[in-house]
Structure formats: structure tokens, C-alpha cells
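Here's a quick briefing to read alongside the model. Have the sequence and the 3D view open as you go.

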Amino acid sequence: TPFQLLVPTTASLAAGVLGLLGYAVVSGTEFGTGMPTLQVTGSLGTAKFAIAWPCAGIESLLIFTAVALLFLKRMNISWKAKLGFFAFGVVVTYFINVLRIANLFILGTQFGVESSQVQSFHFYLGPLYAMAWIISYPMIILASQGVWGKIRNRKAMKPQRIQLNPA
């Protein structure tokens, strides 16, 4: 599926984030399934996971797309603005998922890959990252539209200099 194409990119970006945080990362591919794997080592331990396409944030991108399209459809703004807001939202949604995956590996190195902390984060807390963003997204658009409207109103209401003709 086309969604599977995002998985190696997601894994690479997560590896990059983890590398920036000082973790040693070894990328690979799971034998038999072809899923990308990351083996992450930090001062407290090592964690290795395969990243399947549902775990790569595809679900959050689909939910975001549905919410954003329904919300933007009702907005009284240009199609260019709608496209810009949508593109921004997709990028943020994707990056939030990369951070979620990086966090999962960090927990795995600290507590072990089979720990309750990793399981709780994977199934419950991690998905809240995307959901919090998706819920915040319409509010951010409305707030930015309000700020932009105030800026435009100030420019429109700025007093004009009138030259008086002394006659």
C-alpha cells in the first residue's frame, strides 16, 4: 500500500531524532516481514523494535485528514489558505508521530521493551500525542485567524494624514 512507503521515512526520522538526543541507533530490516527496525542504545540499556505501518502514524494522519477537511470546508477562507493550513497540519501530525516513536524507544531503553511503561505508552499514552494535536488544530486555526483579522483591522483603521490647504 502507499502507506507502507512512509514507514522507512518515519523510522529514519525517528533514528535522526534519537541520534540528536545522544542515542546510538542501528537501522535494519526485520527478516521475513521487511519492516524497518531500529536498535537504540542509551546509558540505561538497549531497545529494538520493528516499526509496522499502523505504528508509523498512518492512523493519526487519516484521522487528522478527516477532521481537517471537515473543519476547513466550513471555514470562510481562500482555498490557498485552506491548502496551507492543511499542509502545515499534515507536517505537524507526521512529526508528532516521529516524536512518539522516538519516545517509545527512549522508554524501551530505560525500562525494557516488555515493560509496562512501554506497553502503556504504546497503546494508551502515545496515541494521545496525535489526538491532543488534532483537537488543538482547529483552535490554532481560529486563533490565527483572529490575530490576522486584528492585524488587518489595525492597518485599515490607521489614520491617514490629511494635508490641509491653508487658503
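What follows is a short tour, from the overall build down to single residues.

This is a predicted model, in which local features need pLDDT of at least 70, side-chain atom pairs count only at pLDDT 80 or more, and totals for chains, interfaces and linings use all residues. Residues are numbered from 1 along each chain as its sequence is written, and side-chain values use heavy atoms, with hydrogens and water left out.

The protein has 4 helices and 3 strands, in the order α-β-β-β-α-α-α from the N terminus. Its radius of gyration is 23 Å, well over the 15 Å that the globule rule gives for 167 residues, so the protein is more spread out than a compact globule. (Helices, H or I with at least four residues, and strands, E with at least two, are DSSP runs numbered from the N terminus; the radius is taken over C-alpha atoms, and the rule is 2.2 Å times the number of residues to the power 0.38.)

**Overall build**

- The C-alpha trace spans about 90 × 35 × 25 Å along its principal axes.
- Of the 167 residues, 32% count as buried (buried means under 20% relative accessible area, exposed over 50%, and partly exposed in between, with a 1.4 Å probe and protein chains only).
- The protein exposes about 11,000 Å², and carbon and sulfur atoms supply 67% of that (accessible areas come from the Shrake-Rupley method with a 1.4 Å probe; for residues, only the protein chains shown count as cover).
- Look at contacts with a separation of 6 or more, and 61% of them are between residues 24 or more positions apart (a contact means heavy atoms within 4.5 Å).

**Helix α1 and Thr 10**

- Helix α1 covers residues 6-20; its 15 residues reach 21 Å from first C-alpha to last, close to the 21 Å expected at 1.5 Å a residue (the expected span is 1.5 Å times one less than the number of residues).
- Val 7, Thr 10, Ala 11, Ala 14, Ala 15, Val 17 and Leu 18 are the ones buried in α1. They cover an arc of only 160° around the axis, which puts them on the same side of α1 (the arc is that of the directions from the helix axis to the C-beta atoms).
- That buried set packs against β1 (24-29), β2 (36-42) and α3, while the face turned away from it carries the exposed Ser 12 and Leu 20.
- Thr 10 is buried, at 0% relative accessible area. Leaving aside residues up to four places away in sequence, Thr 10 touches Ala 56, Tyr 94, Asn 97, Val 98 and Ile 101.
- Thr 10 and Cys 55 are 45 residues apart along the chain, with 9.7 Å between their C-alpha atoms.
- Just after α1 comes Gly 22, with a positive phi of about 95°.

- Helix α2 (residues 58-74) has 17 residues and reaches 25 Å end to end by C-alpha, close to the expected 24 Å.
- Its buried residues are Ile 58, Ser 60, Leu 61, Phe 64, Ala 68, Phe 71 and Leu 72. Seen down the axis of α2, these fall within an arc of 155°, so they line one face of the helix.
- Glu 59, Leu 70, Lys 73 and Arg 74 are exposed on the other side of α2.
- Helix α3 (residues 79-111) has 33 residues and reaches 47 Å from its first C-alpha to its last, close to the 48 Å expected.
- Gly 112 follows α3 and has a positive phi, near 100°.

- Phe 88 lies in α3 and Trp 133 in α4 (residues 116-157), so the pair ties together parts that are 45 residues apart in sequence.
- Phe 88 is partly exposed at 48% relative accessible area, whereas Trp 133 counts as buried at 9%.
- Trp 133 and Tyr 137 have ring centres 5.6 Å apart and planes at 65°, so this pair is edge-to-face. Both residues lie in α4, 4 residues apart, about one turn of the helix, and both are buried.
- Ring pairs link Phe 64, Phe 86, Phe 88, Trp 133 and Tyr 137 into a cluster.
- Met 139 also lies in α4, and is exposed at 52% relative accessible area. Met 139 and Trp 53 are 86 residues apart in sequence and 29 Å apart in space, C-alpha to C-alpha.

Definitions and conventions:
Phe/Tyr/Trp six-rings, centres within 6.5 Å; stacked < 30°, edge-to-face > 60°.
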